[in-house]
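Reader: I have a model on my screen and some questions about its contacts. Can we go through them one by one?

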Amino acid sequence: EYQLASSQLQFRILLLGDADVGKTSLLLRYTEGDFWDDQPPSSTVGVEFYCRMLELASGPRVKLQLWDTAGAERYRSITRSFYRNTVGVLLVFDVTNRTSFDHIEDWYQQVASMQVPDKVLYLLVGHKSDLQQARQVSTQEAENLAAVLGTSFLETSAKTNSNVALAFETLAHDIQQALQNG
Ligand code: GDP
Ligand code: MG
């Protein structure tokens with residue numbers, strides 16, 4: 001069936017969270033299927049995005065435009081324009097880094113302070129779930145925070161590829177539901 005390119009659904013999704021929690025690794029695992037144990041191959045500071053097509057269970061094909069802060073989070077230098085037209089945010093912390101968990105509410109507030117006009121949907125992500133020995137944040141604590149923020153919660157690992165696709169797909173599905181319900 002012929003479809004105009006411009007009618008294609010596109011969701012702009014941001015990955016937010018402290019430096020080193022694994023945002024770029026999550027993106028590269030999902031869009032390229034790779035994982036780098038040392039450092040993902042992206043070092044320049046700036047904003048970058050990755051795309052992936054997704055067939056939602058409810059029918060439509062959507063293009064996910066996934067934005068990485070690409071180092072800018074380290075300097076708290078994320079500009080307002082980065083948040084424009086955003087419909088989804090993955091709030092990412094590292095389950096082995098307590099501070100990154102404590103900062104999640106700051107990241108959440110930051111989106112609100114940018115006064116993004118669209119309704120933004122969130123998913124809380126506890127990343128590096130493969131590092132069970134070094135865990136500093138329990139699943140229960142994270143679930144409690146998710147309840148406060150009114151989001152879902154998933155634990156992911158880019159290293160073992162656990163729940164990576166599920167995280168992006170859960171958020172995309174929630175966005176689609178919200179669009180349908182006006
Ligand atoms: P970013 O600064 O949030 O983009 O984080 P990076 O993606 O650059 O990852 C920071 C470090 O954590 C790198 O050394 C990655 O190899 C490592 N890392 C990322 N994801 C995982 C994971 O799921 N498990 C483990 N064990 N290490 C990870
Ligand atoms: Mg990065």
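Reader: Is Glu-141 buried, partly exposed or exposed?
Author: This is a predicted model, and the value is computed from it. The relative accessible area of Glu-141 is 28%. Buried would need a value under 20%, and exposed one over 50%. Glu-141 is therefore partly exposed.

Reader: Which residue does the side chain of Glu-141 meet in a salt bridge?
Author: The N to O distance of this salt bridge is 2.7 Å. The partner of Glu-141 is Arg-98.

Reader: How many residues apart in sequence are the parts that this pair ties together?
Author: Glu-141 lies in helix H5, residues 139-149. Arg-98 lies in helix H3, residues 98-102. So the pair ties together parts whose separation in sequence is 43 residues.

Reader: Which residues do salt bridges with shared partners join into one network here?
Author: Arg-98 is itself partly exposed, with a relative accessible area of 28%. Shared partners link the salt bridges into one network. Its members are Arg-98, Asp-102 and Glu-141.

Reader: How many salt bridges does the count come to?
Author: The rule asks for a side-chain nitrogen of Lys or Arg within 4 Å of a carboxyl oxygen of Asp or Glu. By this rule the count is seven.

Reader: How many residues apart are Asp-20 and Arg-74?
Author: Their side chains meet in a salt bridge, 3.5 Å from N to O. Asp-20 sits in the loop between strand S1 (9-16) and H1, and Arg-74 in the loop between S3 and H2. The pair links distant parts of the chain, with a separation of 54 residues.

Reader: What is the relative accessible area of Arg-74?
Author: Asp-20 counts as partly exposed, at 47%. Arg-74 is partly exposed too. Its relative accessible area is 49%.

Reader: Which residue forms a salt bridge with Glu-55?
Author: Glu-55 counts as exposed, at 52% relative accessibility. The closest N and O atoms of the salt bridge are 3.6 Å apart.

Reader: Which residue in S3 is the bridge partner of Arg-52?
Author: Strand S2 (residues 48-55) and strand S3 (residues 61-68) pair in the antiparallel sense over eight bridges. They form a hairpin with five residues between them. In the turn, Gly-59 has a positive phi of about 130°. Across the pairing, the partner of Arg-52 is Leu-64.

Reader: Is Thr-69 buried or exposed, and which side chain does it contact?
Author: Thr-69 lies in the loop between S3 and helix H2 (80-83). Its relative accessible area is 1%, so Thr-69 is buried. Its side chain makes a polar contact, at 3.0 Å, with the side chain of Glu-73.

Reader: What share of its area does the protein bury on ligand 1?
Author: An oxygen atom of ligand 1 is 2.7 Å from an N or O atom in the side chain of Lys-23. An oxygen atom is also 2.9 Å from a polar backbone atom of Gly-22. Taken alone, ligand 1 exposes 580 Å². The protein buries 90% of that.

Reader: How many charged residues are in the shell around ligand 1?
Author: The ligand is surrounded by 22 residues, with Asp-20, Ser-25, Trp-36, Asp-38 and Asp-130 the closest. Helix H1 (residues 23-32) gives the most, with three residues. By class, seven are nonpolar and six polar. The charged residues number nine.

Terms used
Residues numbered from 1 in each chain as written. Chains lettered and ligands numbered in written order. Predicted model: local features only at pLDDT ≥ 70, side-chain atom pairs only at ≥ 80, totals over all residues. Heavy atoms only, no water. Pairing = 2+ DSSP bridges. Helix = DSSP H or I, 4+ residues; strand = E, 2+ residues; numbered from the N terminus. Near = heavy atom within 4 Å. Polar contact = N/O pair within 3.5 Å; in protein donor to acceptor, adjacent residues only side chain to side chain. Areas by Shrake-Rupley, 256 points an atom, 1.4 Å probe, with all protein chains shown as cover. Nonpolar A, V, L, I, M, F, W, Y, C, P; charged D, E, K, R; others polar. Buried < 20%, exposed > 50% of the residue type's maximum accessible area, 1.4 Å probe, protein only.
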